[in-house]
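Please look over the sequence and the structure shown here before reading the briefing that follows.

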Amino acid sequence: MNVSGIISEQLGIMFLLILFGYLLVKKEVLDTSGTKQIASMLTTYITPTILIMSFQQDYEWEQLKGLFITMGTGFLLIGSRIAVNRLVLKKEERIDRYAAIFSNSAFVGIPLVMAVLGYEGVFYMTAYMTATTLSQWTYGIYTLSGDRNLITPRKAIFNPATIGAIIGLTLYVLQIKLPFVVSEALYTIGNLNTPLAMVLLGSYVARSKLLEVFTSLKAYWVSLLRLVILPIVGLGILWLLPIDDYLILMVLSIASCAPIAVNTALFSQIYGGDYEYGARLVILSTSLSIITMPLILMLSDFVFKL
């Protein structure tokens, strides 16, 4: 099966898991406190575990070099989105600007990369996620809040995702392999990422006014930016760069065309934005990504094989 076929299947599976989360809320099996606990588990424990385990590989200099290339390119892609946003979105449209910049590389990107490219792909995804995390906790917070005082090096570095990447990289460079029982347990914990993340998204759907989700022209424009326009700009940048590693290019493409980050809703609530509008953007873009991601990645696969 080709790349787009695998991705279509994975997105179909994710859609059914989202439906399961929706039903859990509607049947009152899962309440607000439960979804908060799921979000906390994912961000604090499960995502860092995946990042750590992606580094449990034999050391190769070329692979480590690829890691830093991926991180640098990740910052470049984020920078290009910021530049495009300034041209097409107003400064006061804070949530829209954040949503267009940051993709759901953790909850959607990682499961897709793992399914299509395996843990070696996740290895490179950690580099992109590090770039994203540093950007979210600095420029992202400033974009939503407008308050430069909220940007601190401590928030950028001492967060679960970055700590997980640092631990994993340290184990990789020192070639410290975890005992079989420990590693298998951690791999199993990491496998909880996709179902729990999709259940969380389903809970957002259940608590939203679906009519408002699918009738906002503004939300469609922001989703078009995140899912189509900015990924195509990113694809052009990747094509121009002297990167000849197909694995790195496809990881960056998957990360670039993933739907709007869940943090759009979470951070909006924390930093004074419209939480419900942020959640609607996440839901709409995730729904539309079932169509757009296979198309963008089929195009990426074709371009990178030229």
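How many salt bridges does a search of the whole structure find? The search finds four, a salt bridge being a side-chain nitrogen of Lys or Arg within 4 Å of a carboxyl oxygen of Asp or Glu. This is a predicted model, in which local features need pLDDT of at least 70 and side-chain atom pairs count only at pLDDT 80 or more, while totals for chains, interfaces and linings use all residues. Residues are numbered from 1 along each chain as its sequence is written, and side-chain values use heavy atoms, with hydrogens and water left out.

**Salt bridges**
- Lys177 pairs with Asp58, their closest N and O atoms being 2.8 Å apart.
- This pair links distant parts of the chain, 119 residues apart, with Lys177 in the loop between helix H7 (160–173) and H8, and Asp58 in the loop between H2 and helix H3 (61–88); helices are DSSP runs of H or I, at least four residues, numbered from the N terminus.
- Asp96 and Lys218 also meet in a salt bridge, at 3.1 Å from N to O, and they join helix H4 (residues 94–101) to helix H11 across 122 residues.

**Accessibility**
- Asp96 counts as buried at 1% relative accessibility, whereas Asp58 is exposed at 53% and Lys218 is partly exposed at 40% (buried means under 20% relative accessible area, exposed over 50%, partly exposed in between, with a 1.4 Å probe and protein chains only).
- Ser223, which lies in helix H11 (residues 217–240), is buried as well, at 1% relative accessibility.

Conventions
Helix = DSSP H or I, 4+ residues; strand = E, 2+ residues; numbered from the N terminus.
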